[in-house]
Amino acid sequence: MSQPEFAPPSGPPAHVASSLVGEPTTPTIPLNKLAPEAALRRLELTVVRRLEGFLHGDHAGLLPGPGSDPNDARPYQPGEDDIRKMDWAVTARTQVPHVRDTMSDRELEVWALLDATPSMNWGTAGVTKRDLGIAAIATIGFLSQKVGDRFGGYIMRPDQLRRLPARSGRTALYGLLRRMLTEPLVRDHESGPMTLGAGIEQLSRSQRRRGMRVVVSDFLTPGDSEVDPDVEPEWERPLRRLAVRSQVLAIEVVDRREIEFPNVGDILIRDPETDFERYVNTSDTATRERMDAASRAQRERIRVALRRSGVGHIQLRTDRDWVADIARFVLSYRRVASILHQPPQGVSR
């Protein structure tokens, strides 16, 4: 059987094809094609209540919006937070400006964490993994919103975790997606203290109110070559803690050429987050089989870790229709959500 040749797909713009060999400089998905509402409209009435899960139940009234009950304090974000919500007691104690939000039981809060590290800037099917992750966030946002519900986001870069405040309405959701799309791309080999585990931990600590949390990443840890599923990745324990209080969806974004290596002769394999570089002869069948086996073991370890964490798991690929994949997941998810998200014994919701 002849091996398929590896070539960029015909049709996409020049900047998309160039991202196969160089770093992308612009988004590969336009804002108006992130989540076609016509394709989601039939699912919305059926799925929304299931995606909300059993955490809040049906909304109790017609007065959505901030309530009078105080929420946890969090660091003040200049230009985003109302200074009238400043918590002066916590500010004086910590010497860092803090605000305190109010919460209302009538609204659902969804927070999405987008992994924007260099490994997410790669794609061989006309779209990068980062932009596919934003498309997944858009789809979940459209499916999970009702009147008064709020959707917020975090963008995880190697040096910081940027917060996008939660707001209600389709216009606010489009604004959040636009800010994610226009976020400057992280250059290869850019380093910092932020890891996926640290980002999930910070999300868990800063958003203590129960709701839905969406974590979008390729779940690859720089320098981690472990493939034994019994060894926990560094992000598993924080994700497990996050799932105790909230309903969590983990969206794993992969590219076809990460799991199916092509027959293109000698190629340079380079890790965008570490200094690893190695030439590999992909024309050798045994070499490709070993590489494919290692990739499958790596992805199996991620799948097992997510299952142990008790979260919903969607795997999206850059060469497939993400809307159809999410729709299939949602339709099957409602049958197992109540079992999957059971809290550990002795822990109450």
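Me: In which loop does Gln 95 lie?
Reply: Residues in this predicted model are numbered from 1 along each chain as its sequence is written, and local features need pLDDT of at least 70. Side-chain atom pairs count only at pLDDT 80 or more, while totals for chains, interfaces and linings use all residues, and side-chain values use heavy atoms, with hydrogens and water left out. Helices (H or I, at least four residues) and strands (E, at least two) are DSSP runs, numbered from the N terminus. On that basis, Gln 95 is in the loop between α3 (88-94) and β2 (98-103).

Me: Is Gln 95 buried or exposed?
Reply: Buried means under 20% relative accessible area, exposed over 50%, and partly exposed in between (1.4 Å probe, protein chains only). The relative accessible area of Gln 95 is 67%, so this residue counts as exposed.

Me: What is the phi of Gln 95?
Reply: Most residues other than glycine have a negative phi. Gln 95 has a positive value, and its phi is near 65 degrees.

Me: And what is the phi of His 189?
Reply: His 189 sits in the loop between α5 and α6 (196-206). With a relative accessible area of 36%, His 189 is partly exposed. It is a residue other than glycine with a positive phi, near 65 degrees.

Me: How far apart in space are Leu 185 and Ala 116, C-alpha to C-alpha?
Reply: Leu 185 is in the loop between α5 and α6, and is partly exposed because its relative accessibility is 24%. Leu 185 and Ala 116 are 69 residues apart in sequence, yet their C-alpha atoms are separated by 7.5 Å.

Me: Which residues does Glu 226 touch, leaving out those up to four places away in sequence?
Reply: Glu 226 belongs to the loop between β6 (212-217) and α7 (236-245), and its relative accessibility of 32% makes it partly exposed. Its C-alpha atom is 7.5 Å from that of Gln 298, 72 residues away along the chain. Taking contact as heavy atoms within 4.5 Å, Glu 226 touches Val 231 and Arg 301.

Me: How are the directions of α4 and α5 related?
Reply: Axes are lines fitted to C-alpha atoms, for helices over the stretch in contact, and angles run from 0 to 180 degrees between N-to-C directions. The axes of α4 and α5 (residues 170-181) are 10 Å apart, at an angle of about 170 degrees. Angles under 35 degrees count as roughly parallel, over 145 as roughly antiparallel, 65 to 115 as roughly perpendicular and the rest as oblique. The α4 and α5 pair is therefore roughly antiparallel.

Me: Which residue has a side chain joined to that of Asp 325 by a polar contact?
Reply: Asp 325 is in helix α10 (residues 322-340), and counts as buried because its relative accessibility is 9%. Beyond residues up to four places away in sequence, Asp 325 touches Leu 316 and Arg 320. A polar contact is a pair of N or O atoms within 3.5 Å; within protein, one must be able to donate a hydrogen and the other to accept it, and residues adjacent in sequence count only if both atoms are side-chain atoms. At 2.4 Å, the side-chain partner of Asp 325 is Arg 328.
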